[in-house]
Amino acid sequence: MKILNFLNILLLTSLCVGFTFAKSNDIEVIYQTTQQDFQNEKGRIYGDINDIIRRGEIVICSVSNTSNPLFLMKKKGSENKKELDLVGADIELAKKIAKGLGVRLVFKLCYKNYEDVVNAIANGEGDIGLAKLSYTIERSRKVMYTEPYVIAKKTLLMSRQVAESNQEKSIKNLINDKKFKIGVAKGASYVEFAKLLFPKTQILELEDWEKQTVDKLKSKEIIAALRDNLSVNLLMNVHPELSLKFIPIILKGENDYISGIVNYKSLELLNWINKFLESETKIKTIDDLMKEYEEYIK
């Protein structure tokens, strides 16, 4: 997989069953695990605000790969020291929550995709899930969502020629045809979004969204790729040549609300987080994030 060129991101392992740490200031990052350390987790009550304060830490679950542009890890120093600069909307929100509760911050970054993070919180493997998580009906059956802290836009990336030659016809109606395929990231909310927006279209789930989207658009195997406007913008930054033949189209009225998630037993924690978001934070747009982290995405 081609890694976004503005980051030197650590590649992390798949499922969390214990702990191995990398540290950045007061933040601990779990990126590899052992069975022995898994045994040491016993006795924790994840999602319980009293237990969070008792153990003096809040554990945030997130994805292990580069799929989450709201969580950016930039290595500094030597390869052996694993010193990290951590930036991004998920990072900053997690820091504020930890500070508000008076506890240290621990990130579990060992989940393969977004659905793994949802399942981890549903199974009680962490306190909060922060992983650029969109609200979907299917996920809401497993976990509770916080109020949103970022609003993205559902966006198509498709052939400029096809888009411009069909201006009089709705793009949605054009793509919603069983003869076409649309590419989405495997394990992402956009699998569900694509099925709702384009019920007739064939849905192709891409393991490596960045690389496969580029390849399959160029080969015309898919008529379009569907993702949030942040991911599409970053892809266009990495592959500026795409703008010659392809164009991003934001779907009107199709917002993508990014929220945290907690276990259904964590109602007290959910209420605390929502009050905190209301009083201490401002909902950001993708344009806000692009400006705020401009130096990382050049």
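The expected span of a helix is 1.5 Å times one less than its number of residues.

**Figure 1. Overview of the protein chain.** The predicted model contains 12 helices and 14 strands. Of the 298 residues in the protein chain, 54% are buried. The accessible surface amounts to about 14500 Å², and carbon and sulfur atoms account for 48% of that area. When contacts between residues at least 6 apart in sequence are considered, 70% of them join residues at least 24 apart.

**Figure 2. Helix α3 and the residue that follows.** Helix α3 comprises residues 89-101. The buried residues of α3 are A89, D90, I91, L93, A94, I97, A98 and L101. Just after the helix, G102 adopts a positive phi of about 70°.

Figure 3. Strand β3 covers residues 57-63, and 7 of its 7 residues are buried. Strand β6, residues 104-111, runs parallel to β3 and is joined to β3 by 6 bridges. Within this pairing, I60 has F107 of β6 as its bridge partner. Strand β3 also pairs in the parallel sense with strand β7, residues 128-134, over 2 bridges. In that pairing, C61 stands opposite G129 of β7.

Figure 4. E28 belongs to strand β2, which is formed by residues 27-30. Its relative accessible area is 12%, and E28 is therefore buried, given that the cut-off for a buried residue is under 20%. The side chains of E28 and R104 are joined by a polar contact of 2.4 Å.

**Figure 5. Aspartate D51 in helix α2.** D51 is located in helix α2, which consists of residues 49-55. The residue is buried because its relative accessible area is 4%, and the cut-off for burial is under 20%. A polar contact of 2.6 Å links the side chain of D51 to that of R54. Apart from its neighbours within four places in sequence, D51 is in contact with G43, R44 and I45. The view also includes D127, which lies 76 residues from D51 along the chain; the C-alpha atoms of D51 and D127 are separated by 10.0 Å.

Figure 6. Strand β10 is made up of residues 181-185 and is mostly covered, with 4 of its 5 residues buried. Strand β11, residues 202-206, is joined to β10 by 5 bridges, and the two strands run parallel. Here G183 stands opposite L204 of β11. The chain passes from β10 through helix α8, residues 190-197, to β11, and this β-α-β crossover is right-handed. A parallel pairing also joins β10 to strand β12, residues 224-228, through 2 bridges. In this pairing, I182 stands opposite A224 of β12.

How values were computed:
Residues are numbered from 1 along each chain as its sequence is written. This is a predicted model: local features need pLDDT of at least 70, side-chain atom pairs count only at pLDDT 80 or more; totals for chains, interfaces and linings use all residues. Side-chain values use heavy atoms; hydrogens and water are left out. Buried means under 20% relative accessible area, exposed over 50%, partly exposed in between (1.4 Å probe, protein chains only). A polar contact is a pair of N or O atoms within 3.5 Å; within protein, one must be able to donate a hydrogen and the other to accept it, and residues adjacent in sequence count only if both atoms are side-chain atoms. Two strands pair if DSSP finds at least two bridges between them. A crossover is right-handed if, with the strands pointing away from the viewer, the path from the first strand over the helix to the second runs clockwise. Contact means heavy atoms within 4.5 Å. Accessible areas come from the Shrake-Rupley method with a 1.4 Å probe; for residues, only the protein chains shown count as cover.
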